[in-house]
Amino acid sequence: MERHIELLNEFLNISTKSPGSIPSSWSNQIESQNHLVVAACTHGNEYGSLPAILKWIKSNSFDFRVTVFIGNPEAVKKNTRFVEEDLNRVYTDLSRNSLESQRAKEIAPLIQDANLFLDLHQTIEPTLSPFYIFRYDKTSAHWARAIGCVTEFVTKPILSNPETMTQNEFATSHGVPSLTIELGPKGLNRSSELLADKVLSRTVEVFRSVYLDKVPIADISKKSPALSMFKITHQESFDHPQKALKKGLKNLDPCNKGESLGKDENGKEFYAPRDGVILFPKYPERDSKGSAHLPLPHKIYVLAEVVTSDPELELKLKE
Ligand SMILES: [Zn+2]
């Protein structure tokens, strides 16, 4: 049996003895007003946090309520990002019938009950370093800085009417501080495991300080090293199966304005519109004629720029 399936089964086994409020979740079942909720495998092929999660819940040394859930267990079994649609995009409309929409309907009340929501992800392609990524929210940004463990934070402007909504955005829209972290490249690897381990321990420390010792999160944040902030300012559409990025781009690779980043369906080069860093480069499988397999991801890459002025003011501006 493949290792990630063994890990999933081990989690599900432990969970049957101490289940959380939804299927495929574990909880320490402590009666407490303070509730930390952690998600793993929101994308089914991002299971690199599972070894750390298992170690963490087995230690079970929490003096507040903790729930951990597997976002998309069916996709984990298939080793794919999702089965019918991306679980991390369906939270605007929970009335649809897809497997992921049904799962989101189960997850939503659990997230709404949290005092902090932590969503553990991994990138599709390699990354120069791990990073936090979520739409800007002041309290959540304080939590990210307070927990630290990584040095980079990528954010997106606030949208008034989003077409899609991530788990993180669903949490924030219900007033729950919420962090999404990209631990490293997808799958089981030592760097993702060690970082997940560190982030989980540090999250417990900070959570205790805030909810049990009543220290304001802004105070803990200000005593922690500032994160390098980026904001996403360009998203390049993946609008033709023949469109292709140049080889070997990694997450957080720097790019310069005017630099060629690949070729479109007519063989014409496309260029970085600004100085920044590359995020989420896509290299789908292609047929012998160079056409990417369908369905195409929406974006072939996104570009993020360093934030130099007050992020809070800047990011409240319209996109
Ligand atoms: Zn993910």
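## Helix α2 against helix α7

In this predicted model, helix α2 passes helix α7 in a right-handed crossing. The two helices, α2 and α7 (residues 190-211), pack at an angle of about 35 degrees, and their axes lie 8 Å apart.

On the α2 side, the residues that meet α7 are Pro51, Ala52, Ile53, Lys55 and Trp56. Their counterparts in α7 are Glu193, Ala196, Asp197 and Leu200. Sorted by class, this contact of α2 with α7 holds six nonpolar residues and three charged ones, with no polar residues.

## Helix α2 against helix α1

Helix α2 (residues 50-59) also packs with helix α1 (residues 3-17), here at an angle of about 25 degrees and with the axes 10 Å apart. Angles under 35 degrees count as roughly parallel, and α1 and α2 are therefore roughly parallel to each other. Their crossing is left-handed.

From α1, the contact draws on His4, Leu7, Glu10, Phe11 and Ile14. From α2, Leu50, Pro51, Ile53, Leu54 and Ile57 take part. The residues of this contact of α1 with α2 comprise eight nonpolar, one polar and one charged.

## Two backbone features

Cys41 lies in the loop that runs between strand β2 (35-40) and helix α2. This residue has a positive phi of about 55 degrees, although it is not a glycine.

The peptide bond leading from Leu294 to Pro295 is cis, and its omega is near -5 degrees.

The protein chain is divided into domain 1, covering residues 3-226, and domain 2, covering residues 234-315. Taken over C-alpha atoms, the centres of domain 1 and domain 2 are separated by 26 Å. Their contact takes 15 residues from domain 1 and twelve residues from domain 2.

On the side of domain 1 that touches domain 2, the largest share comes from strand β6 (residues 152-156), which supplies three residues. By class, the residues on this side of domain 1 are eight nonpolar, four polar and three charged.

## The chain as a whole

The protein chain has nine helices and 14 strands. Along its principal axes, the C-alpha trace of the chain spans about 60 × 50 × 40 Å.

How does the radius of gyration of the protein chain agree with that of a compact globule? For 319 residues, a compact globule would have a radius of gyration near 20 Å. The protein chain has 19 Å, which agrees with that value.

Definitions and conventions. Residues are numbered from 1 along each chain as its sequence is written. This is a predicted model: local features need pLDDT of at least 70, side-chain atom pairs count only at pLDDT 80 or more; totals for chains, interfaces and linings use all residues. Domain bounds come from an automatic or database domain assignment. Two residues are in contact if their C-beta atoms, placed from the backbone, lie within 7 Å. Helices (H or I, at least four residues) and strands (E, at least two) are DSSP runs, numbered from the N terminus. Ala, Val, Leu, Ile, Met, Phe, Trp, Tyr, Cys and Pro count as nonpolar, Asp, Glu, Lys and Arg as charged, and the others, Gly among them, as polar. Axes are lines fitted to C-alpha atoms, for helices over the stretch in contact, and angles run from 0 to 180 degrees between N-to-C directions. Angles under 35 degrees count as roughly parallel, over 145 as roughly antiparallel, 65 to 115 as roughly perpendicular and the rest as oblique. A crossing is left-handed if the near helix is turned anticlockwise from the far one by less than a right angle, and right-handed if clockwise. The radius of gyration is taken over C-alpha atoms; the globule rule is 2.2 Å times the number of residues to the power 0.38.
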